[in-house]
Structures are given as structure tokens and as C-alpha cells.
Amino acid sequence: MGKELLVVENLRTYIFTPRGVIRAVDGVSFTLDEEETLGLVGESGCGKSMTALSILKLYPKPQGRIVEGTIEFAGESLVEKSEKEMQRIRGKSISMIFQEPMTSLDPVFPVGEGIIEVLMVHQGLSRREAKERAIELLRMVRIPEPERRIHAYPHQLSGGMRQRVMIAQALACRPKLLIADEPTTALDVTVQAQILELIRTLKKEMKTAVLLITHDLGVVAEHCERVAVMYAGKIVEKAGVLSLFARPLHPYTRALLGALPRAESKKQRLEVIPGTVPDLLSPPPGCRFHPRCQRRIALCFAEEPPLREVEKGHEVACHLL
Amino acid sequence: MRSIESIAETLRLLCRNRAALVGLVILGVYVFVALFPWLLAPNDPLKRDLALRYRPGFWAGKEFARFPLGTDYLGRCVLSRILWGTRTSLLVGVIAVSISTGLGMFLGLLSGYFGGWVDMVLMRVVDVLFAFPSILLAITIMAALGPGLEKAMIAIGIVYTPQMARVVRSVTLVIREMEFIEAERALGASHARIIWYHILPNTLPPVVVYATLGVAGAILDAAALGFLGLGAMPPAPEWGAMLSGSHKALTSGAWWAVAFPGLAIMTAVLGLNLLGDGMRDLLDPRLRM
């Protein structure tokens with residue numbers, strides 16, 4: 001494994017609303033090595049996306065704020081960077097692709113324009129050079145007839161094609177880190193597999209680290225080296241992918257795995273996790289999972305379990321262990 | 001090369017939209033008249049002859065063909081004055097709307113994009129302007145600036161600014177929240193770049209439509225100011241001023257001195273409205289497959 005590229009320490013991003021403070025990210029720590037893929041898993045509304053947006057400092061402003069913690073990227077502290085400095089990092093050293101390829105491209109410009117723009121802004125290429133490079137990039141993401149497609153408008157391309165354009169745009173400047181926020185959720189299953197395969201191939205070619213945000217554990221198993229499971233703004237379990245699937249320790253991780261369909265299972269019905277993700281305006285005291293946990297003990301109501309290393313490289317936040 | 005293709009495409013779509021086509025033809029005729037009035041006008045629009053006051057036009061008989069649409073209270077040729085007045089009226093409409101579009105887009109984009117106190121302050125100013133009836137506001141501004149056609153253009157431009165600012169602001173609010181703006185941010189685009197390259201072009205379809213309709217409104221307002229004697233200085237031919245000068249003619253039975261300038265205004269406004277409506281459909285990029 002390479003050096004540490006991204007170190008997030010005790011990150012707290014709160015959103016201040018008239019109804020109260022939403023603790024969207026509440027003390028999250030993780031590291032990401034160069035060229036590594038880390039999966040960030042959890043249900044909707046558990047703070048995965050907000051964690052990703054915090055790294056780029058794109059959380060909603062002025063309501064949102066990083067109230068505590070540090071984000072260190074390639075040895076530099078991002079929390080202290082000004083908006084201007086962040087603009088030079090975004091799209092160049094750290095890129096992000098979004099969930100909705102349908103709405104993530106500007107509808108009034110041909111898709112090539114976006115890529116050309118990134119190259120001109122960050123790499124100072126001339127229009128002509130940028131256009132040539134954009135065609136190359138479209139070829140790289142396996143878009144047929146890139147010379148012609150560069151002039152196509154977003155609505156003329158399918159969802160999968162648009163996501164390929166987004167990937168080309170994100171990788172145009174060979175970033176060191178690519179944040180993929182549920183990149184395949186809005187796509188068909190077959191296209192999903194193609195897009196994920198594409199991300200994997202390009203990541204190897206470009207030696208990019210990937211932070212893959214998803215709620216699909218199948219995707220994690222196939223594409224990630226390490227996994228962090230989030231619940232209600234906190235990381236509850238962190239482990240290598242093999243270790244996590246072989247020996248899930250946190251009751252929430254177990255429940256998530258129990259809710260997956262399995263080929264060898266004879267059971268007719270999938271298990272569900274009772275209840276819903278708690279309201280982050282007023283999270284439950286103690287362990288945040290206790291209202292839905294089937295193995296809770298008295299301590300879970302009162303005290304928040306810290307994240308502890310149970311075996312090498314496998315950390316869990318649970319009183320039972 | 002692509003821009004030629006896209007212009008050809010626009011024209012093709014325009015031809016399929018009947019209403020817009022009619023609007024375009026009407027407007028084309030007006031523009032032609034505005035550019036070359038001397039080719040069409042049968043008489044000198046300024047030449048007066050009190051002996052020929054309130055003469056009817058061609059409908060009264062062959063001997064009246066010299067003034068096809070009759071003469072006004074000073075014996076001037078109504079048709080020639082309408083034709084020469086086209087240039088003034090279109091110019092007033094276009095310039096006034098350019099002023100209001102420029103100012104309105106500036107205010108609307110800033111207000112919608114940045115929100116917060118910027119939005120608060122700008123929109124309260126706009127609210128104050130909104131609180132005046134438009135013609136009263138125009139008269140007030142004219143009172144400060146003094147009479148004259150250029151000043152009427154400025155006054156009407158200011159009067160239309162709040163509406164344009166509101167339209168642009170509301171569109172900006174919608175576009176600002178779209179995913180591609182967030183995607184642009186994630187790619188490192190600055191505020192200026194996002195506003196100028198991504199939000200502004202996306203606000204254009206409604207703005208173009210609104211501006212086209214605004215030209216019609218501005219022509220009407222200019223006519224109203226002219227009617228009140230605040231627009232074009234006599235004896236310059238201008239549609240509103242023609243109405244104002246001849247309104248007494250109605251009681252003396254010389255309807256033509258009022259009806260034809262009114263008809264000219266009505267047709268121009270109709271043409272612009274048809275075109276504006278057509279543009280709304282035309283500027284939707286999703287229709288261009």
C-alpha cells in the first residue's frame with residue numbers, strides 16, 4: 001500500500017437550521033491511501049454524502065459549517081483553505097462525480113464544452129488543445145465516435161453515456177482523489193456494472209484513489225479494498241473488505257448484510273432492519289443504533305461506544321465487543 | 001459552421017410554428033419600414049397645410065388619393081407620419097428593453113445567486129419600484145430628467161427593470177439548485193464563472209421571451225408618454241404623439257387621424273407578442289433532436 005493521501009480526523013459538519021442543528025457528520029475519522037478504494041456505506045441520510053461534500057467544502061452555505069476536525073489531503077490542511085484555494089483544488093486534485101447523470105450536465109452546452117472548460121481553467125490549455133484532449137478523454141471512457149459526440153447535447157445521450165461524460169470530466173486533470181457519490185444508483189443494472197468496471201480500470205491507469213459512496217454492499221465487495229460503515233453521522237465499523245464480509249461485528253453491519261439477497265440462502269423473505277435512521281436534529285442518546293438494535297444492553301442507552309480496534313485493521317464502535 | 005447549422009435549424013423550427021412565423025413577418029415588415037421610410041411614404045411627414053386639415057383618405061373617392069389615410073389637425077399626411085414614426089417607436093421599444101434587460105439581469109443574477117442580504121437589499125429596492133403604477137413612475141422619472149425621446153427610453157427602461165429582475169432572479173433560484181451547478185463547483189469553477197457561463201445562458205430562454213413581449217409594452221408606454229406630451233418633441237412623427245395631437249379629431253368625426261396610428265401600434269404589439277410566444281417553444285433545447 002502507498003502513503004496516506006487523505007486523513008480525516010474527528011470531522012464534524014453541522015447544518016444550522018431554524019429548527020435546530022443537524023449533526024450530519026459527527027466525529028468521523030478515516031484515512032485513504034494513494035491508489036486505494038475506500039467504500040463508504042450506509043443508509044440514506046446517514047451523512048455519507050455530507051462527508052464527501054465536506055472534503056471539497058461544498059456543504060450547503062451559509063447554513064453548513066465544519067465545526068471541528070481536520071481534513072488533510074496530500075499533506076495540506078483543507079479546512080483552513082480559502083474558497084479561492086479550494087477552487088484550484090476542486091476538479092484538479094480532487095474530483096467528484098454525482099448520483100444523477102441526468103441533471104449533472106449543463107443542458108445548454110454540448111457535453112464536450114464541460115471537459116474543455118475544466119482543461120482550460122485548471123491546465124491553462126488553449127481551446128484547440130483542450131478540444132483534442134477532450135476527444136481523447138471521451139475515447140478513454142469508451143464513448144463511440146468521440147469526434148461527433150463531443151458536440152452532442154446532454155439530452156441526446158443516455159444515462160450511461162452521460163455518466164461516462166461526467167467521469168471524463170472528473171478525470172480530465174488526472175486527480176489524485178476521485179469521490180464517487182453513488183455513481184450508479186440512477187442507472188440500469190447492466191450499465192451499472194459497465195460504469196463501475198470503467199471506474200476501476202481508469203483508477204488503475206491513472207493511479208487515482210477512489211472514495212466510493214454507496215449503499216450497495218455488492219458493489220463494495222467487488223470494488224473496494226477497505227470499507228467504512230456509517231450510521232447516523234458516525235462511523236460504526238471500519239475494516240478491510242474481506243474481514244468485514246467474513247466477520248461483520250457491529251449489529252448494524254450484520255443487519256445490513258442480513259438484508260442482502262444471497263444465492264445459497266433457502267429463506268424466502270429477506271430480513272429487514274426495523275425502524276428508520278434517526279432524525280439527526282435530535283439523535284438518540286448513547287449508541288445511536290440502540291433503538292433498532294436487537295442485542296442492546298442497558299449501557300447502550302446511556303453511553304456512546306467509542307471506535308475501538310478489535311483486531312488488526314478492524315475497528316468497531318459497540319459495547320458488546 | 002455549427003452556428004450556421006443551428007441558425008438554419010432555428011429557422012426550420014420557426015417555419016413550423018405558424019404564430020411565430022406570422023409574428024416574424026409582421027416584425028420584418030416593420031423593420032423594413034423603419035429602415036427605408038422614404039421609399040414608401042407618399043408625402044413629407046412634416047409638411048403642414050392648414051387648408052387641408054382633416055381630409056379623409058382613399059375611401060372618400062379618387063380625388064383624395066394624394067393622402068391615402070387622410071390628414072391630421074395640421075393637414076399633415078397620416079400615412080407618411082405613421083411610416084416615419086415606425087423608426088422612432090421600434091427604436092424606443094428596443095432601447096428601453098435593452099436597458100431594462102441589462103439592468104434586470106444584473107440585479108436578478110446577483111440577487112438570485114448570492115441570496116442572503118444581497119437579495120434582501122436588491123429585492124426591497126425592486127419592491128419600491130414595483131409599488132408605483134408604471135406610467136406614474138415613468139412620468140416621475142421624466143419629470144426629473146426632463147422631456148425628450150432619449151429620456152423617455154431611459155424612463156421606460158427603468159420602469160421595466162423590476163419585472164425583468166424578478167424574472168431573472170426566479171429562474172436563477174431554480175438553476176442555482178440544479179445538480180450541474182454543484183457539479184461545476186466540484187470541478188473548481190469560480191462564482192463568476194458559474195454565473196456568467198452556466199446560470200446566465202440558462203436564464204436566456206425566459207429572458208428572450210420576456211424581452212420580446214417587453215418591446216411591445218415599451219412601445220405602448222412610449223405612446224402613452226407621447227400622448228401626454230412627454231415623449232417625442234413635436235413636430236417629430238411618433239405614434240403616441242400622433243394620437244395625442246389628434247384626439248380632439250374624434251369628436252369632429254375625423255376618426256382616421258387617431259385610428260390608423262392606433263392600428264399601427266396594435267399590429268406591432270401583436271406581431272411582437274406572437275413572436276415572443278413562439279420563441280418560448282423555440283428556445284427549449286430539448287425540442288432540438
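This is a predicted model: local features need pLDDT of at least 70, side-chain atom pairs count only at pLDDT 80 or more; totals for chains, interfaces and linings use all residues.
## Annotated regions

For chain A, an unreviewed UniProt entry lists residues 6-257 as "domain: ABC transporter".

Over residues 86-276, chain B is 83% helix and 0% strand, with the end C-alpha atoms 19 Å apart.

## A sheet in chain A

In chain A, 4 strands form an open sheet in the order β2-β1-β4-β5, with antiparallel pairing. The edge strands of this sheet are β2 (20-33) and β5 (76-77) of chain A, each of which pairs on one side only. Helix α1 (residues 48-55) of chain A packs on the sheet, where it touches β1, β2 and β4 (64-73), and the direction of this helix makes about 70° with that of β2(A).

Strand β1 (residues 4-17) of chain A is joined to β2(A) by 11 bridges, and the two strands run antiparallel. A:Phe16 stands opposite A:Val21, a residue of β2(A).

## A parallel pair in chain A

Strand β6(A) pairs with strand β7 (residues 177-181) of chain A in the parallel sense, over 4 bridges. Within this pair, A:Ile94 stands opposite A:Leu177 in β7(A). From β6(A), A:Ile94 and A:Met96 point one way, whereas A:Ser95 and A:Ile97 point the other way, and all of them are buried.

## Where the chains meet

Between the two chains, 27 residues of chain A are in contact with 18 residues of chain B. On the side of chain A that touches chain B, the elements that give two or more residues are α2 (83-89), β6 (94-97) and α3 (111-123) of chain A. By class, this side of chain A has 12 nonpolar, 10 polar and 5 charged residues.

## The largest nonpolar core

The largest nonpolar core has 167 residues, and those with the most contacts inside it are A:Leu211, B:Ala152, B:Ile156 and B:Ile219. Helix α9 (residues 191-227) of chain B gives the largest share of this core, 16 residues.

Leaving aside neighbours within four places in sequence, B:Ile219 is in contact with B:Ser89, B:Val92, B:Gly93, B:Ile265, B:Ala268 and B:Val269.

How values were computed: Residues are numbered from 1 along each chain as its sequence is written. Chains are lettered from A and ligands numbered from 1 in the order in which they are written. A nonpolar core is a set of buried Ala, Val, Leu, Ile, Met, Phe, Trp, Tyr and Cys residues joined through C-beta atoms within 7 Å. A residue is buried if 20 or more other C-beta atoms lie within 10 Å of its own, exposed if 12 or fewer, and partly exposed in between; C-beta atoms are placed from the backbone. Two residues are in contact if their C-beta atoms, placed from the backbone, lie within 7 Å. Ala, Val, Leu, Ile, Met, Phe, Trp, Tyr, Cys and Pro count as nonpolar, Asp, Glu, Lys and Arg as charged, and the others, Gly among them, as polar. Two strands pair if DSSP finds at least two bridges between them. Axes are lines fitted to C-alpha atoms, for helices over the stretch in contact, and angles run from 0 to 180 degrees between N-to-C directions. UniProt positions are given in the numbering used here, feature names are shortened, and annotations may be inferred rather than shown by experiment.
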